[in-house]
Structure formats: structure tokens, C-alpha cells
Amino acid sequence: MISFILIVLVSFFFTGIVIRTKSIASGRKGPGIFQPMKDIFRLFKKGAVYSQTTSFIFQIAPSIYFASVIMAILVIPFGQYKGIISFEGDFVFFAYVLAIGKFFSIISALDTGSSFEGMGASREALYSMLAEPAFFLLMGSLALLTGYTSFHEIFMTFHFGSYISYALGVMATFVLVMIAMIENSRMPIDDPKTHLELTMIHEVMILDNSGFDLGLILHATNLKFAMYGALIANLYFGSLPLYYSIPIFLVIQSLFAVSVGLLESFTARYRMSHNAQFIFTLSSVSLLIFFGVLMILGKLI
Amino acid sequence: MIIIYAILVVVFLSLLIIPFLRSEVKGIIPLISVIIVSILSSIPSIKALTGESTEIILSGTLVTSIIPVRIDALSAWFILTINFTFITGIIYGISYMQAYKKQKSNLSLHWISYILAHTSLIAVCSVQNSLVFIITWEIMALSAFFLVIFESYSAKTLKAGINYLIQSHVSILLLTLSFIWVFYRTGSFDFIAIKDFANSTTAFGGLVLMICLFIGFAIKAGFVPFHTWLPLAHPAAPAHISGIMSGVIIKIGIYGILRMIFLIRTDYLAIGYFILFISIISGIYGVMLAILQHNLKRLLAYHSIENIGIIGIGIGLGCIGLGIENNMLSILGFSGALLHTLNHSLFKSLLFYGAGNIYQSAHTVNIEQLGGLGKNMAQTAFLFLIASLAICGLPPFNGFVSEFIIYSGIFNGIHNATFLNLMFFIFSIFGLVLIGGLAIFCFTKAFGTIFLGSPRHLFHHQPQESSFAKRLPMFLIVILILTIGIFPTVFLKALSLPVSQLTGIKSIDYLPLETSISKTISQIGYVSLLFIGIVGVVFFIRKKFTISNQYRMSSTWGCGYIGQTSKMQYTASSFVRNYRKLAEPLFSVHKFKRDLKGVFPGKAWHETHPKDKIEEMFISHPIRQLKHFLNYFSILQSGKPQMYILYGAVFITLIIAVPQIYSLVISVFKFLNNL
């Protein structure tokens, strides 16, 4: 329960921090950190324009996408407190329920019959597909290391002891950050601020969404960011009591948001044709983690 | 005993009646017959699943000796799956075949083959005499062949059918050889003899026998590299036949493999590695080729190979579990495999029926020509969507449950595993995840281009929603898909006996560990329900919020360009283009195109033909070589009847003369010796 509340709370200002960081880095004054949320609330009140080409899929897809993100958040634990849903192998459910949201967002893009949105859909489908093995290999290695198969138990028993485990923590954080960037279509993979439809991924998929639906999609992105932030935070606070873990959680989320902002300010997007290769290398980082775990367990030789 | 005679009487009577009926009502008799046979065979099956297996010993003939008919839990699971798919198949098929009612005799042959296929499949699952098993297997293969070549006037269909016929006979050859080997050593056709033989022979002998049988059954099941008949036969057959072929006929190969695993207690670890490796390759290779297909039914056929791969991963893990005596792993592996067998028969037949609806209303299954069908055929679109989600293994549908069981098996297995096993487990996780991701890619392409957007091709008749009789069996399947997705524990309970039969572990509920698994699985059901609930709530809130908001319709955003035509939308080929670029080194994609050139450019076009490299390597290339070699003897084929009569005469003379000359030579030698 506590993780759900905290993630929803953080989602309100996460993108705000990212935008604020970017504006400071580029020497602008920039909007306040609640501005993205205000925009979303305004969108909720607005009317909508639907394309004549679309069918019922286009109407239901944003709701399903949003619901899938909510469902995934329910699985995330908070330190020693279980998520609302917790069972053995819940991270498999986590990944698959996110996938159903993605399925619907892709087909809703195809529903518009546009030349641009299909392009975004194709890229999103390919990239998220390539990112999936990295997540599973990472969780599989952690499951092997800790001997458990649910998010809660894995994070409870995962703790830092040897040098290798520090290296594992760093690599796991890297993989999770990168997966978050891919899933949210942010900088090294996709540039949310680009103005050319041909170079977009996620933005071009939602070109035809407006009003309430667009608000849902935008807020789902915020929630997804906070959700991955919570996963990363969970790596670090093990079974600390709440009065430590909540501040640590907030600090890690803010750090995550700031680093996303910095990354977007100072790096350029990768070439679209090289994205696939880059994403697939994440799996090899996950494999490194797997071999690190084998070294800790003494099974390598 | 009565049941067997009753089934035989019903089948023979209906076979006799069918040819004499008018073609409008020809479907009725097979419908009644299939339903009666299903009910009759389901009674002992349900009994067997609750723990009371049936054994009937028929006296047989002098050649076959006694014929034991045993319906145990494993057979029962497959018989029930077969019955359900055949019932939905015939309900769908009757209205599908209305379009062909002029071909009276062809229809008779079709329905006769349908009944024979159904009965012989049930027989294959229950007969345990290897000679009779081969005979029923042959009846099944032949009737499936006649079902496939319904449109035999098209050369393409006939070619696909003959390809299937040849390959299924290679399978029969391997099975026959293995059974003869066992018979030669034990003198008995009973399946128990296989068990005794495997116990008495060396470990290596058992392994060879197992692999020989595995390949025989794998051709039927469609494991890579024995899959090449599948993508040809499925598109050629009528929709309901593709549905039952993909749904249950290829599963009979899985049944055979499981039955042999149960009988041949040999080096399970080696068998497990072998099956796991071949399955992961099948899974990934099947779905990777599926993405590139333009023909919807061919695409679905490649997906069958992928799903056979997933089932095989379950079986392989189960065998490894038996080998390293990890009960959890073997239970979860086999239950995942068996449940996925049922699941795949459901959503794959649903997808093929959907493809049939598309074919009969749009008269093409070429994805590139379709589009926007969702508006004309909303219900078919909805049913196809459910099946697509289920085949991708997404919650809250049934595919997720079986894939989740296999995942839990792997994650339970990785503790206390050796390095080699760990590598196999990581490889299978990687394979399963990649298969899942690629399946999503493939079905967003298929569903998105067929049902969404606007038509890519001018239809002479506006596509219409299909008749209720066609949608009824599809809704039946959807109900079962959702039931498995939301109440998986019921099916897991039903699986406990077949699985305990395979693993030799008494029952799932007796082990303390197992209760936690069934708890987890039941939780999957609740969580899926919760997900549906949340979707409902979000949708409700959306409705409440937007009811007062204004909305209007307009054209799709075209980046400022408003001259929208359907030609501008993304096509299936362009959707998979970036994937094709990545996968190109693995496949040979033949591309042909003509660019726009000059001041008055003609028509530009672009074609891609994905080629199956493994088929090229294992089937087409050797056959080309063989043909080349045999070409040296073409001189004999002069085309003159006189020559052929001469060959016959020479042959007869040789047949008679050779033994004579042989005995003459022998006697000459004897005479010389005596000297």
C-alpha cells in the first residue's frame, strides 16, 4: 500500500523535476515542477477530436494502457512492506501486464491509419521487445542470488556485502535506468522534444490522441517513471525502517529525475538504426550480472 | 467395451449415410456423429482424470495379438482437448462449407475424412498396441491429407497436400522401425513391452530408441527442422481444418513424445537437454519467420511452430527435473506443457476460424491487401483480438497461465542447479522472453493491419460480418480461454493426475511445496480479475469525465497534409521493416523492386519473399541433389512403350533367372569341390 501511495505521489512531480533540470541546464527559468501535472488536469477537462478512421480500439486503448501501469505498480514492494499484490514470480506478471498495455498502445496507433503513427508503433514494438530479455535476465540473476522469486523477497534479501555485489548493484541500476528510458521513450533512445515526426517514437504514436485520453497517456508515463524509480530505490534500502526508507526513496527518485534531465540536456539521441543494437547490449550487461551472481555463489568454476 | 462398439457403429453408420445426402444437409450427420463420439469418449476420459482409468483388452487377430485399449489420465487430457476442438471445428465448418455446396462428392469425402480423423485421433490416444497404433496413425494421416486437399483442383493445394503426405510417411517410417525393433527384441506389440525393453537394454540403446521415436513424433508436431510441411499445409486447407490441424493434429505428436517419455525410463537429463535445445530453437525460429509472412494463414502456421516450441520447453524442463530429481521442476514443466497444449488448441483454432471469416468475406488472406475490417466485422475483430492477446501470453488470458507455470518451473529450478543446467535455464528464460516479445510484435502487425486503419485494396463487395453459426464456436472458445485465465486452479487440479503419471510423483497436493504453487496460480486468477476490474474502473471514470466534454470527428493528423489516402498508411511490410533489417542475416529474404525512374515513371512496386533457410538446407537442397543424381538414369525413361515392356520382361526374367543361376553356380562349385 505504502509503495503505491508513494509512487503516485512522486509521479506528480517527477516529470516536473526533469523539465526543471533541463531548463536550469540550458539557462532558462523554466516552469514550476507541478506544471506537467497542471497540464494533465487541464487535458482531463478538455474535449477531444477523434479520427474518422479509428474504431473502438482507439477508444479503449488509453484506458487499458493506464490500467496496466496501475496494475504493475501494485506489484512493487516498499522495502520490508509488500506491494498490494505479491506472489512468487510476480515480476513475470509485472512485465507481462506492462506488455498488454503496450500491445494496446501499438494497435491504437495503427488504428489511425496514419503514415507516421505506424512508424512510431513499429519502433516501439521492436525496442520494447528487445529490452525485455534484459529485464528478465536481471531478475533471474537476482532470484538466483537471493533464492526467492518475488519482488518483495528478492529486495528484502538482496544486500551489499562483497565488492562484486556493489558492482552488481551498479550494473542493475544501470540496466533499470536504461529500461526505464526505453519504456518511457526518453533520451538516448528517443527524443521527446523533437519536432519532426519522422524522428519520434512514442510522441508520434499519440499524435491523434487528445483530451482525456491524452491526459491518461501522459500521466501513465509519469507513473511509469516513478515506478522504475521505486524499483531502483528498492535495490538499496533492504529492510530499513520507514523513517529512513521514505527519505531515501524520495532522494533516489529525485536523483533519478535529475539525472534523466541532465542526460537529456547533454547527450544526443542515438541514430535510429543503431538503437536496436544498443538495446540488445543491455542484455549482455544483464548477462554480466548473471555471471557476477555465479561468482558470488561460487558456481562459475 | 460397449463404448468402443458404440463408437464404431456410429462411425460406420454415418460414413454410409453421408454420400446419399443433399449437400445442404450433408454437415448434419457428421455433426451428430462427432458429438456422439465425443460424448462417448469423454465419459471414460473424465473418469480417468478423476482417478479411475479404463482398460479394455480386445482379443484382436492372429497378426496383431491382443489389443489393449487403455484410457489413462494422459490420454484423457488429450482426448478431451481433441473432442472440444473437433466440436467447435465442425460447427464452424458446416457454415464455412456452405460456400462449396456445389461440389457434392468432394463434400462427402471431406466429411467422411473429418469423422475418420476424429475417431482415429481418439484411437491413437487410447490404443496401446504398437501395430494397431501405426494403423490408426496411418488412418489419421491419410484422412488429414484428404481434409487438406479439399480444394484439390488448385495445383498449389495439391502440392502442399502431397508434401504433407510424404513427410507424415517419413514420420510413420521412423515409428514403424522403432516399434519393429522393440517387437524383434521382446516379441510383443503391447506398449508395456517398450517399457520392459527400455529397462532391459543399455542406457545408450534406450536413448537411441527415444531419439528415433522423438524424431518420428517431432515431424508430426512440427519441431524445427522437421516443420517444413506445416507452413504449406495450413494455408492450403479450409479454415476449420487448419484450426483442427494446428489445434490438435500436431498435438498428437506431443502426445506421442509424452507417452514415450512415460514408457522409456532412460537418461532423462540427456533427453531433457535435447528436447529443450530443439524446442527453444523451434520457438524462436518459428516466431521470427512468422513476423515476415504476408499470408495470414502462413503466419499462423509459423506461430504453431513457435507454440510447439513453448510446449517443448515445458517438456524439456520436466525431463531435466526428472533427471536431477527436482520434483518441483518436473511437475511445473509437464503441467505447463500440458496446459499450453490445451491453450494453444483453443486460441490457435480461434485464430484460424477468424482467418476463415476474413477469407470468406474479403476473399483474400494477404495481409497487405486488407485493412479496416474492424468496422465491417466488429465481432470477428473482437474475437481475433482476444485470441491474439492470448497467444502472446498476456494476462488475463489462458496463454499467460501456462507460460507463467513454465517460468515458475525455471525460477524454481535455478536454485541448487549445476553450471550446465543454469546455462540451459538462462537460455530458456531468454528464449521464452524473446518469443513473447516477438509474438507481440507479430500480432500487433497482424491485428493492426487487418482490422485497423483503412482498406488497402478496393473490395468489390464490402466485407460483411460472418454468420452467427460461424461466430458461435468462436464465442465458445473465448469463454474457455477466459475461464482458464481467471480460474486456472480448476485446470491445474485436472492436470494433477496426468502430471503425476508422467513424473511418478503421487499427486500435486500431497507435497508441501506444491500447495504454495497452487496458491500462486490461484492468485494469478484473482490478479487477472483485478486487472479486468481496474480497466473497467478507469474506463468508467473516463466515461463519467468525458460525458460533458465535447468531441468531434476529423481526419487523421497528416502533418499538415490533408490529402489522406489509404495508400499513405503504414503497411505490414513497413511495420516489420526495421525488424527485417535486423533479422536479415538469419533468413534469406528475396527482394524485388522497381523504382520510379525518368520523367514519365511507370508503376513502381516492391516485393519481399521470406525464405525458410532451414527448409532450404534440410529439404530443398538434398532433394535437388538427389534429383540431380537420379537425372543420370533418365536415359531409361525413353517414352517408348516397347522399351517399358522390355524393362518389364527383363525384370521378370531376372527375378526368375537369378536364383536359378545362383543355384547353378553353387552346384558347379559343389561339383568342383567334389572333384
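Is F94(A) buried or exposed? F94(A) is buried, with a relative accessible area of 1%; buried means under 20%, exposed over 50% and partly exposed in between, for a 1.4 Å probe and protein chains only. The model is predicted, so local features need pLDDT of at least 70 and side-chain atom pairs pLDDT 80 or more, while totals for chains, interfaces and linings use all residues. Residues are numbered from 1 along each chain as its sequence is written, chains are lettered from A and ligands numbered from 1 in the order in which they are written, and side-chain values use heavy atoms, without hydrogens and water.

**View 1. The largest nonpolar core has 329 residues.** A nonpolar core is a set of buried Ala, Val, Leu, Ile, Met, Phe, Trp, Tyr and Cys residues joined through side-chain atoms within 4.5 Å. Among the members that touch the most others are F94(A), F135(A) and F223(B). Helix α18 (residues 419–451) of chain B gives the largest share, 19 residues; helices are DSSP runs of H or I with at least four residues, numbered from the N terminus. Domain 1 (267–545 + 570–582) and domain 2 (587–637) of chain B both contribute, so the core lies between them. The domain bounds come from an automatic or database assignment.

**View 2. F135(A) touches residues that include F91(A), F94(A) and F151(A).** Residues up to four places away in sequence are not counted here, and contact means heavy atoms within 4.5 Å.

**View 3. F94(A) and F151(A) form an edge-to-face pair.** Rings of Phe, Tyr and Trp (its six-membered ring) pair if their centres lie within 6.5 Å; planes under 30 degrees apart are stacked, over 60 edge-to-face and the rest tilted. Here the centres are 5.3 Å apart and the planes are at 85°. F151(A) is buried, at 0% relative accessible area.

**View 4. W181(B) and F197(B) also pair edge-to-face.** Their centres are 5.5 Å apart, with 70° between the planes. W181(B) is partly exposed at 27%, whereas F197(B) is buried at 2%.

**View 5. S41(B) lies in helix α2 (residues 28–49) of chain B.** S41(B) is buried, at 3% relative accessibility. Its side chain reaches the backbone oxygen of S38(B) at 3.2 Å. Beyond its neighbours within four places in sequence, S41(B) is in contact with I7(B), I79(B), N83(B) and I122(B).

Conventions:
Helix = DSSP H or I, 4+ residues; strand = E, 2+ residues; numbered from the N terminus. Polar contact = N/O pair within 3.5 Å; in protein donor to acceptor, adjacent residues only side chain to side chain.
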